[in-house]
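Me: I'd like to go through this one slowly and ask about the labels as we meet them. Could you help me with that?

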Amino acid sequence: MARLCHPKCRLGNKSMGWLQILLGGLVIILSICSLVKFYSAGFFFHNEDICRQFTGVKDAYEGFDIKALSDRVGEVLNKLESLQEKLESAVQQMEKDKETLRTTNITKFEYKKYLEEDVIRPLYAAHISLRLIRLPKAEGIHNSTMKEEPLINTFVIEEIRKYITPKESRTGKLNIYGTERIYNTIGHACVLYKKELEEYMSYDIGSYCNDDWNLAQKLMLNGCDPLPRRRCLTRASMVYQKPYPINESLWKLPDDRNVRWSNYQCRNFKCLMGNNTKKGYFKCVGCFEMEKEKLKWVTNSSLSVDFLISDVLTIKPGEMRIGLDFGIGTGSFAARMRKHNITVVSTALNLKAPFNEMIALRGLIPLFVTLNQRLPFFDNTMDMIHTSGFLDGWIDLQLLDFILFDWDRILRPGGLLWIDRFFCVRKDLDDFMYMFLQLRYKKHKWAISPKSKDEVYFSALLEKPPRAI
């Protein structure tokens with residue numbers, strides 16, 4: 001039999017509920033009043049006079065992202081408005097159900113649950129959002145700047161905000177680079193992919209990262225490059241096997257257990273071989289067939305555009321030591337050059353297949369970069385740049401222009417640029433020839449061969465000339 005509640009008890013519970021709702025409403029009103037004062041101070045307008053009034057520094061807010069700040073304040077106002085509507089709706093419902101409330105015994109636990117979930121939690125979220133908003137203030141070792149990191153109010157995830165916040169020297173002196181702060185960088189397009197970046201940076205610090213390398217690559221390909229570092233432990237195969245010795249690994253398929261296959265159509269290297277239509281990628285056909293890969297650059301071909309490594313190296317005997325293979329593949333060019341004691345770094349993207357893992361498991365060096373990125377090498381350092389299978393007639397001419405001049409930057413005087421089987425439609429050939437010729441490199445080899453009725457192959461071996469300082 002249910003225990004009857006004394007009328008005074010019901011009246012006390014009801015009064016407590018109204019009092020708690022009233023207090024919640026007062027908190028909202030006070031929060032909105034504070035925001036109104038903040039707004040009236042002029043912090044949300046491009047008004048330099050107002051900024052100077054508060055800081056006394058000329059151009060104090062130059063470079064500060066006012067729009068991002070305004071958006072964040074808008075989010076807080078929306079949260080408070082939503083909470084206010086919930087409370088008003090609850091009060092209206094209570095007015096409608098007066099008779100029911102008189103006869104219903106609402107427990108203290110139910111009151112507590114309602115306040116925690118529908119009042120306190122939304123208020124806390126709005127409070128934290130307000131706390132995270134940052135305005136420019138005098139900072140730095142000598143208080144030399146009033147600028148706040150412009151992206152700080154764009155992102156909600158605290159881990160992103162911590163990453164992009166400039167880090168000062170703990171000693172209070174200039175750091176080893178002679179600067180006051182270290183700025184961690186992210187790609188400018190990260191702002192356009194805010195949702196995806198926040199998903200990428202959502203993890204428990206010190207715990208395991210999500211198996212989301214494909215999300216990272218998607219962000220990179222869309223210009224969110226470089227990505228922020230993360231403070232979580234990367235996942236790896238639970239049954240990872242010891243790699244093969246270097247004398248075996250160069251021309252042998254790796255152990256399937258050393259790759260995470262969850263984001264690929266294939267689940268082993270055998271699936272990636274041959275004409276299997278389920279393998280998921282269309283570039284670099286035959287890249288995983290080691291017996292065919294062995295024949296590249298060492299056996300004569302019927303096409304004049306296929307240069308041999310032995311012929312190329314005789315042009316600069318003993319001078320080739322380090323190089324870059326810019327393309328898509330499994331590292332076979334680097335493997336072949338290793339036989340000549342030449343170290344080659346291979347760029348790679350995991351476009352539907354584990355190209356990076358394959359290169360590394362062969363005992364070679366993969367470089368996980370996109371076309372968007374400036375190459376991470378210093379000027380005039382590479383002996384050779386080889387490119388094959390990636391850059392062809394699809395590429396925008398201006399993008400190709402930036403890429404070529406970046407190659408020129410890292411290639412040393414006397415270094416070789418090897419364009420290997422570039423192809424395009426015949427009518428565009430002159431445009432691409434101009435792009436390569438504008439560098440004014442010395443031509444050692446130059447060949448054009450038909451690929452199909454409307455397409456042609458083009459290969460060249462060019463030498464960067466010395467230049468006056």
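Me: What makes Thr165 count as buried?

Reply: Thr165 has 17% relative accessibility. Buried means under 20% relative accessible area, exposed over 50%, partly exposed in between (1.4 Å probe, protein chains only), so at 17% Thr165 counts as buried. This is a predicted model, where local features need pLDDT of at least 70, side-chain atom pairs count only at pLDDT 80 or more, and totals for chains, interfaces and linings use all residues. Residues are numbered from 1 along each chain as its sequence is written, and side-chain values use heavy atoms, with hydrogens and water left out.

Me: Which backbone oxygen does the side chain of Thr165 reach?

Reply: That of Arg161, at 2.6 Å.

Me: How many cavities of 30 Å³ or more does the structure hold, and what makes a space a cavity?

Reply: Two. On a 1 Å grid over the protein atoms alone, a cavity is a set of points where a 1.4 Å probe fits but cannot get out, and lining residues have an atom within 4 Å of a point.

Me: Which residues line the largest cavity?

Reply: Among them are Phe326, Gly327, Thr347 and Phe390.

How values were computed: 1 Å grid on protein atoms, 1.4 Å probe; cavity = no way out; pocket = protein on both sides within 12 Å on 5 of 7 lines; lining within 4 Å. Points joined across faces, edges and corners; volume = space filled by probe spheres on them. Polar contact = N/O pair within 3.5 Å; in protein donor to acceptor, adjacent residues only side chain to side chain.
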